[in-house]
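Me: I am new to this structure. Please walk me through its features, one at a time.

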Amino acid sequence: MNTLCIALTFHISLGISARKTAFILRNVFQLPASYQTVLNYTLYAAPFCHKFNLKFKGPVDSTQAGDETYIKITGKHAYTFFFITPTRRKISAYHIDDTRDTLPATIAMNEAIRTVDAGQSPTFITDGNPAYPAGIHFLNESRDTNKISHKKVIGLQNLDSESTEFRPFKQLIERLNRTYKFHIQAANGFNSKCGAIALTTLFVTYYNFFRPHSSLNYESPVPLDALLPIPTLQGKWAKVLSTAFSLN
């Protein structure tokens with residue numbers, strides 16, 4: 001567990017490549033590990049961290065910003081969908097797919113509203129991708145009350161009143177995309193969809209539960225009492241995994 005969590009600290013939390021992480025494990029900590037071992041660790045930890053992410057995400061804002069950013073899997077474009085809440089800056093949904101069409105957008109939005117209070121009417125703020133209004137129309141078909149509303153921010157300049165009003169939300173999700181790109185940059189693309197999903201899942205765990213945010217007085221977006229007393233990143237990873245092992 002110690003080796004696994006040190007590997008996750010360097011590879012995920014610090015955004016260091018699997019090869020350099022293996023080098024650090026061997027030459028700093030004298031832990032024999034190859035870069036494939038590091039990749040295997042991420043594949044092993046990701047399903048447990050996904051359960052942890054869903055279990056402890058907590059309540060979310062009724063207004064959320066969403067976007068998709070492209071990644072490369074086996075040399076081809078794929079897309080990571082994110083939704084984020086403005087109050088605590090927490091990632092409320094994430095999903096990877098080969099397209100940016102209606103189905104993956106709907107899957108991400110459905111997760112984003114899963115923990116919205118029953119009396120709230122959700123609002124999604126996105127760009128002009130037609131997948132979002134189509135997905136919202138589908139989701140609203142099963143909602144008798146508190147229908148989902150949609151606001152669009154178009155282009156890089158504020159050419160209409162809606163874009164002007166909701167531009168700060170779009171900038172919020174764009175900053176998240178840049179942070180995500182930094183953490184996956186060392187991978188230089190993915191050799192498999194499983195690898196992309198694993199690294200993205202672990203990134204969300206780090207971002208929501210470990211990463212201090214300046215706008216939150218350097219708290220994490222989802223501060224958990226069980227993690228707060230733990231001083232090291234590898235200790236936090238160990239606590240997350242040990243907790244996730246016991247989840248049904």
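Reply: Start with how elements are named. Helices (H or I, at least four residues) and strands (E, at least two) are DSSP runs, numbered from the N terminus. This is a predicted model, where local features need pLDDT of at least 70, side-chain atom pairs count only at pLDDT 80 or more, and totals for chains, interfaces and linings use all residues. Residues are numbered from 1 along each chain as its sequence is written, and side-chain values use heavy atoms, with hydrogens and water left out.

Me: Which element gives the most to the lining of the largest pocket?

Reply: First, the terms. On a 1 Å grid over the protein atoms alone, a pocket is an open set of points with protein on both sides within 12 Å along at least five of seven lines; a cavity is a set where a 1.4 Å probe fits but cannot get out; lining residues have an atom within 4 Å of a point. Here the answer is α3, with five residues. The elements that give two or more residues to this lining are α2 (18-27), α3 (35-56) and α7 (193-209).

Me: How much space lies in the largest pocket, and which residues lie nearest its centre?

Reply: A volume is the space filled by probe spheres set on the grid points, which are joined across faces, edges and corners. For the largest pocket that is about 460 Å³. The lining has 18 residues, and A18, L39, A187, G189 and N191 lie nearest the centre.

Me: How do the residues of that lining divide by class?

Reply: Ala, Val, Leu, Ile, Met, Phe, Trp, Tyr, Cys and Pro count as nonpolar; Asp, Glu, Lys and Arg as charged; the others, Gly among them, as polar. The lining of the largest pocket has eight nonpolar, nine polar and one charged.

Me: What about the second largest pocket?

Reply: About 360 Å³ of space lies there. The second largest pocket has 23 lining residues, with H50, Y94, H95, I197 and T201 nearest its centre. Two or more residues come from each of α3, β3 (91-97), α4 (102-112) and α7. The largest share, seven residues, is from α7. By class, this lining has 14 nonpolar, seven polar and two charged residues.

Me: Which residues line the largest cavity?

Reply: They are H11, G15, I16, H183, I184, A186, A187 and L199. The volume of this cavity is about 30 Å³. The structure holds one cavity of 30 Å³ or more.

Me: Now helix packing. At what angle do α4 and α5 pack?

Reply: Axes are lines fitted to C-alpha atoms, for helices over the stretch in contact, and angles run from 0 to 180 degrees between N-to-C directions. Angles under 35 degrees count as roughly parallel, over 145 as roughly antiparallel, 65 to 115 as roughly perpendicular and the rest as oblique. α4 and helix α5 (residues 131-140) pack at about 60 degrees, with axes 8 Å apart. The two helices are therefore oblique to each other.

Me: Which residues make the contact of α1 with α2?

Reply: Helix α1 (residues 2-13) and α2 have axes that come within 9 Å and cross at roughly 135 degrees. That makes α1 oblique to α2. Contact means heavy atoms within 4.5 Å. I6, A7, F10 and H11 of α1 meet A18, T21, I24 and L25 of α2. By class, this contact has six nonpolar, two polar and no charged residues.
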